[in-house]
Amino acid sequence: QVQLVESGGGLVQAGGSLRLSCAASGHTFSRSVLGWFRQAPGKEREFVSAISWTYGTTYYADSVKGRFTISNNYAKNTVYLQMNSLKPEDTAVYYCAARVINYMTSVEAGREGLYDYWGQGTQVTVST
């Protein structure tokens with residue numbers, strides 16, 4: 001059974017940084033697209049970033065471009081989300097998701113309904 005486990009969330013001041021990790025068990029990320037989504041209180045879940053494990057293609061929401069970086073570690077079967085220059089509006093539960101496919105377009109990568117597996121989420125809180 002595939003499990004995605006996020007870690008690295010926490011409380012940070014505005015302008016600070018955090019690195020989220022998403023580790024998989026029961027599944028290797030080859031031939032997969034990994035995405036990060038987030039959900040703030042009272043809001044719908046929204047796309048943050050995604051990476052094609054096969055091709056290394058990356059996508060970002062406009063709100064995080066230039067501040068967040070998605071990367072992967074093949075040996076550790078882990079995907080990371082480096083978040084810099086954090087803002088209070090980045091406060092949310094961050095979820096990792098995976099779809100077993102080599103490639104997704106930017107539009108497809110942003111559609112949460114296309115992902116096969118989800119983690120439980122990790123809380124990120126950015127204080128002023």
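Does Lys-76 count as buried or exposed, and at what relative accessibility? I began with this residue, and at 57% relative accessibility Lys-76 counts as exposed, where exposed means over 50% relative accessible area, buried under 20%, and partly exposed in between (1.4 Å probe, protein chains only).

I note the ground rules before going on. This is a predicted model, in which local features need pLDDT of at least 70 and side-chain atom pairs count only at pLDDT 80 or more, while totals for chains, interfaces and linings use all residues. Residues are numbered from 1 along each chain as its sequence is written, and side-chain values use heavy atoms, with hydrogens and water left out.

**Entry: the whole chain**

I looked up the overall make-up and found one helix and eleven strands in the protein chain, these being DSSP runs numbered from the N terminus (helices H or I, at least four residues; strands E, at least two). Read along the sequence, the pattern is β-β-β-β-β-β-β-β-β-α-β-β.

For the dimensions, I noted that the C-alpha atoms fill a box of roughly 40 × 25 × 25 Å, taken along the principal axes. The radius of gyration is 13 Å, which agrees with the value near 14 Å that a compact globule of 128 residues would have; the radius is taken over C-alpha atoms, and the globule rule is 2.2 Å times the number of residues to the power 0.38.

Buried residues make up 44% of the 128 residues. The chain exposes about 6,400 Å², of which carbon and sulfur atoms supply 46%, the areas coming from the Shrake-Rupley method with a 1.4 Å probe, and for residues only the protein chains shown count as cover. Among contacts (heavy atoms within 4.5 Å) between residues at least 6 apart in sequence, 60% join residues at least 24 apart.

**Entry: the four-stranded sheet**

I then traced an open sheet of four strands, in the order S1-S3-S8-S7 with antiparallel pairing; two strands pair if DSSP finds at least two bridges between them. Strand S1 (3–7) and strand S7 (68–73) stand at the edges with a single partner strand each, so one side of each is left without a neighbour in the sheet. The twist averages 15° from one strand to the next, with axes as lines fitted to C-alpha atoms, for helices over the stretch in contact, and angles running from 0 to 180 degrees between N-to-C directions.

In S8, Leu-81 is the bridge partner of Ile-70, and Gln-82 is the bridge partner of Thr-69. S7 has a covered face made of Phe-68, Ile-70 and Asn-72, and an uncovered one made of Thr-69, Ser-71 and Asn-73. I set beside this the general rule that in a regular strand the side chains alternate between the two faces of the sheet.

S7 and S8 form a hairpin with four residues between them, and Asn-77 in the turn has a positive phi of about 50°. Lys-76, where I started, lies in the loop between S7 and S8.

**Entry: strand S4 and its partners**

Next I turned to S4, which is mostly covered, with six of its seven residues buried. S4 pairs with S5 in the antiparallel sense over six bridges, and Trp-36 stands opposite Ser-49 in S5. The two strands form a hairpin with six residues between them, where Gly-42 in the turn has a positive phi of about 75°. S4 also pairs with S9 in the antiparallel sense, over seven bridges, and Arg-38 stands opposite Tyr-94 in S9.

**Entry: the nonpolar core**

Which residues have the most contacts inside the largest nonpolar core? They are Trp-36, Leu-81, Met-83 and Tyr-94, in a core of 37 residues, defined as a set of buried Ala, Val, Leu, Ile, Met, Phe, Trp, Tyr and Cys residues joined through side-chain atoms within 4.5 Å. Strands that each supply at least two residues of this core include S3 (18–25), S4 (33–39), S5 (46–52) and S11 (122–127), and S9 gives the most, with five residues. Not counting residues up to four places away in sequence, Met-83 touches Gly-16, Ser-17, Leu-18, Leu-20, Arg-67, Phe-68, Tyr-94 and Val-124.

**Entry: Gly-119**

Last, I checked Gly-119, found in the loop between strand S10 (117–118) and S11, and noted that Gly-119 is buried, with a relative accessible area of 9%. Leaving aside neighbours within four places in sequence, Gly-119 is in contact with Leu-4, Glu-6, Tyr-95 and Cys-96.
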